[in-house]
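Here is a set of questions and answers on one protein chain. Keep the sequence and the coordinates open as you read.

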Amino acid sequence: MATVGKVIKCKAAVAWEANKPLVIEEIEVDVPHANEIRIKIIATGVCHTDLYHLFEGKHKDGFPVVLGHEGAGIVESVGPGVTEFQPGEKVIPLFISQCGECRFCQSPKTNQCVKGWANESPDVMSPKETRFTCKGRKVLQFLGTSTFSQYTVVNQIAVAKIDPSAPLDTVCLLGCGVCTGFGAAVNTAKVEPGSTCAVFGLGAVGLAAVMGCHSAGAKRIIAVDLNPDKFEKAKVFGATDFVNPNDHSEPISQVLSKMTNGGVDFSLECVGNVGVMRNALESCVQGWGVSVVVGWTDLHDVATRPIQLIGGRTWKGSYFGGFKGKHDVPQMVKAYLDKKVKLDEFITHRMPLESVNDAIDLMKNGKCIRTILSLE
Ligand code: NAD
Ligand code: ZN
């Protein structure tokens, strides 16, 4: 290919600073260094975590940055030492690596590999590591991925090779939201057949959690959201009951407790709000209820009374649904191709990268589930 071994100039949406619209710029993407892969991104979803970094995160060294972490693309070229990937292969970049060697990769109990970008800096690759520049400045790579760019460079331990027949403009959702919610129910909560579940927040992550509860055989799935427009979609993924906290004067945990004769077996918080996290825990039945924190926030402490835990409830968190990305994401792609998991139903809008700020507004205003941006 004409681009191999050369710096590529391409379009990317750059966030120069917090709380400002992204700007479509021409950026330079360096050649892949040792063990790295340069990927031509074909499509990307917009996830709430991108908005969190832009509007709420307050990481002082987090800009300028190229956001986006829910993408899919094609290998353009590989750096020295890469034997597992060839140009032309379809891939999904991963925000949690899987080196296969560290003590966490060796354990079946976690997906949190120590070798990725995340151990160096909480949200972005350090300027030293990034392969992006724009107007003479280093531009950071968000979550080590940066899929709001036509090309990106990712370490091979953070790339999943997927079925060549997979439609990239749909399976990109498995790069974050759908795996996150589905896995939080199936892998982290370990939802049981015949159980009663509650899912708080019905964005793509929460709807995927509903789908996970349903596929694990839950008999009742209570969908909770302040935005009643989301309930119809939740039904498509298997929700059986719908609760809008605004319709009730008592705490939502009491509402759910009354509906379920003492509380749900499993609850999943997919909002990113510490008050909702508490409500989700306290909606669980004493004795064995399990509540999983999936929503993302690092701004406030989360609290409950110790008696909630002493009484037998378990509080857990889930990162990327507990999936070990290199191994499990290709399996989820296969599950989609075999019609065992839904993806198309999450997509409410499609637009070009140039409209990225419209996609952000749609999510901010609760008007979409997922918008897919096309980068071609
Ligand atoms: P989204 O904005 O599309 O969905 C959030 C939903 O929560 C909306 O439907 C909104 O109406 C609802 N909501 C807001 N306040 C509520 C309340 N008080 N009670 C009930 N519902 C409420 O977001 P998304 O892309 O689905 O992401 C959901 C969360 O998951 C975000 O916090 C995101 O950062 C996080 N996330 C976590 C991981 C992880 O690995 N743990 C990965 C991806 C995303
Ligand atoms: Zn995400």
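Donors are N, O and S atoms within 2.8 Å of the metal (3.2 Å for Na, K and Ca); water is not among the atoms, so sites may look incomplete. This is a predicted model, in which local features need pLDDT of at least 70, side-chain atom pairs count only at pLDDT 80 or more, and totals for chains, interfaces and linings use all residues. Residues are numbered from 1 along each chain as its sequence is written, chains are lettered from A and ligands numbered from 1 in the order in which they are written, and side-chain values use heavy atoms, with hydrogens and water left out.

Q: How are the donor residues of the zinc ion (ligand 2) spaced in sequence?
A: The protein donors are Cys 47 (SG), His 69 (NE2) and Cys 176 (SG). They lie 2.0 to 2.3 Å from the zinc ion (ligand 2). Their spacing in sequence is C-x21-H-x106-C.

Q: How many residues apart in sequence are the parts that His 69 and Cys 176 tie together?
A: Helices (H or I, at least four residues) and strands (E, at least two) are DSSP runs, numbered from the N terminus. His 69 sits in the loop between strand S4 (65-66) and strand S5 (70-78). Cys 176 sits in the loop between helix H3 (168-171) and helix H4 (177-189). The pair therefore ties together parts whose separation in sequence is 107 residues.

Q: Is Cys 176 buried or exposed?
A: Buried means under 20% relative accessible area, exposed over 50%, partly exposed in between (1.4 Å probe, protein chains only). His 69 has 1% relative accessibility and is buried. Cys 176 has 5% relative accessibility, so it counts as buried.

Q: Which backbone nitrogen does the side chain of Glu 36 reach?
A: Glu 36 belongs to strand S3 (residues 36-45) and is buried, at 10% relative accessibility. A polar contact is a pair of N or O atoms within 3.5 Å; within protein, one must be able to donate a hydrogen and the other to accept it, and residues adjacent in sequence count only if both atoms are side-chain atoms. At 2.8 Å, the side chain of Glu 36 reaches the backbone nitrogen of His 33.

Q: Which residues does Glu 36 touch, not counting those up to four places away in sequence?
A: Contact means heavy atoms within 4.5 Å. On that basis Glu 36 touches Val 78, Gly 79, Val 82, Arg 131, Val 153, Val 154, Asn 155 and Gln 156.

Q: Is Asn 35 buried, partly exposed or exposed?
A: Asn 35 is placed in the loop between strand S2 (23-29) and S3. Its phi is near 65°, a positive value in a residue other than glycine. The relative accessible area of Asn 35 is 32%, so it is partly exposed.

Q: Is Asn 261 buried or exposed?
A: Asn 261 is in the loop between helix H7 (252-259) and strand S14 (266-269). Phi of Asn 261 is near 55°, again positive in a residue other than glycine. Its relative accessibility is 76%, so Asn 261 counts as exposed.

Q: What is omega for the cis peptide bond that joins Phe 63 and Pro 64?
A: Pro 64 is placed in the loop between H1 and S4. The bond from Phe 63 to Pro 64 is cis, with omega at about -10°.

Q: What covers the buried residues of H1?
A: Helix H1 (residues 48-56) has these buried residues: Thr 49, Asp 50, Leu 51, Tyr 52, His 53 and Leu 54. Their cover includes S3, S4 and helix H11 (356-364).

Q: What is the radius of gyration of the chain?
A: The chain has 11 helices and 18 strands. The radius of gyration is taken over C-alpha atoms; the globule rule is 2.2 Å times the number of residues to the power 0.38. The rule gives 21 Å for 376 residues, and the chain is close to that, so it is as compact as a globular protein of that length. The radius of gyration of the chain is 20 Å.
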